[in-house]
Amino acid sequence: MAHLASAETPTPQLAADRWTAYSVTVWAICMLGFAFDIYEATIMQLVTPLLIKEWGIAPATIGNITTVSRWVGLIGIFVFPTLADLYGRRPVLILTILGYSLFTGLTGFAQGPLQLLIFTSITRITLQGETPVGMIMVSETAPTKWRATALGGLVGGYPFGYMLCSLTALVVVPLWGWRSLYWLGILPALLVLWVRLGVKESPRFERVTSAMLTEGLRKRLNIWTPMREYPREMLTATLLYFFYLFTWIGWSAWMPQFLANEKHLGFQTTASYLSIWMFCAIFAYYLCGWLSDLFGRRYVIPGFILPASILLVVWDTSTLRRACSGWDWS
């Protein structure tokens, strides 16, 4: 638990005005944590056509597994940040990395939908716990002037992990099958060594007082406090994040199935397409964060969302039109 210093203990400077070797190290470790987070989620999306064929299950079964596991994963969002306030960011970050490395590897031994659901759900708990803890550490160490750039690059670990998984699948799935993707998910455990050597405990946690800890936990357990204090901001942020995740998860979850089966592109071509798209997406995350630091979030976020919405509608409309053109309407 944190050293409960007196209330008079001065709070150190948490983030400098420029990047340092230490802040870059923390950012890199947490970004890789984000990358391996989405790596695990991408495995099921990529191998969905293979699972449906091998196990003789309906696509709806995979959809149910994805939905239930993500709901179960919400446990980690509430539990692990609280543990980080109690015992420190560093040990909890290590715990979450070890947790999802172990259970990702175990998922490769699943023999049916039920076992896949159990292992995936447990994995999602630790994965969802790593995400907020990583964001906390980056926010507390990144330069205040470039915080949006740092967080944008941090979330840029998502497309990097997606691309890493799809590129890996091109090599290992034809050789050793879809289970090998899960077994390779054990490798993030090596990050623990880097965390132990390169990351110190957060200055904010080191200087926390018992009164601050008690008040912080009380507010964390009362999830309606931010809504009462900042109703407009919370509603806007909640809706924005909800629709972003709704679109992203829906697109990423079913695009491999759509390309492989509906478009008959096959696994190899599908993985290649997804790798190229995610490579482009990596730069988009960095660009959005950098522009937000320069011009503000209020204008940059709509500047990205509106064109993306239009392109999605255009793409879906053209796809539907081509699909309908082959129907027999007589």
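**Reading a helix pair**

Tutor: Helices here are DSSP runs of H or I, at least four residues long, numbered from the N terminus. This is a predicted model: local features need pLDDT of at least 70, side-chain atom pairs count only at pLDDT 80 or more, and totals for chains, interfaces and linings use all residues. Residues are numbered from 1 along each chain as its sequence is written, and side-chain values use heavy atoms, with hydrogens and water left out.

Student: How many of the residues of helix 5 are buried?

Tutor: 7 of its 9, which leaves helix 5 mostly covered. For the protein chain of 330 residues, 44% count as buried.

Student: And how do I describe two packed helices?

Tutor: You give the angle between their axes and the distance between the axes. Here helix 1 (residues 21-55) and helix 5 (residues 147-155) pack at about 35 degrees, with axes 8 Å apart. Axes are lines fitted to C-alpha atoms, for helices over the stretch in contact, and angles run from 0 to 180 degrees between N-to-C directions.

Student: Which residues meet there?

Tutor: Trp27, Cys30, Met31 and Phe34 from helix 1 meet Ala150, Gly153, Leu154 and Val155 from helix 5; contact means heavy atoms within 4.5 Å. By class, that's 7 nonpolar (Ala, Val, Leu, Ile, Met, Phe, Trp, Tyr, Cys and Pro), 1 polar and no charged residues. Asp, Glu, Lys and Arg count as charged, and the others, Gly among them, as polar.

Student: How many helices and strands does the protein chain have?

Tutor: 14 helices and 0 strands.

Definitions and conventions: Helix = DSSP H or I, 4+ residues; strand = E, 2+ residues; numbered from the N terminus. Buried < 20%, exposed > 50% of the residue type's maximum accessible area, 1.4 Å probe, protein only.
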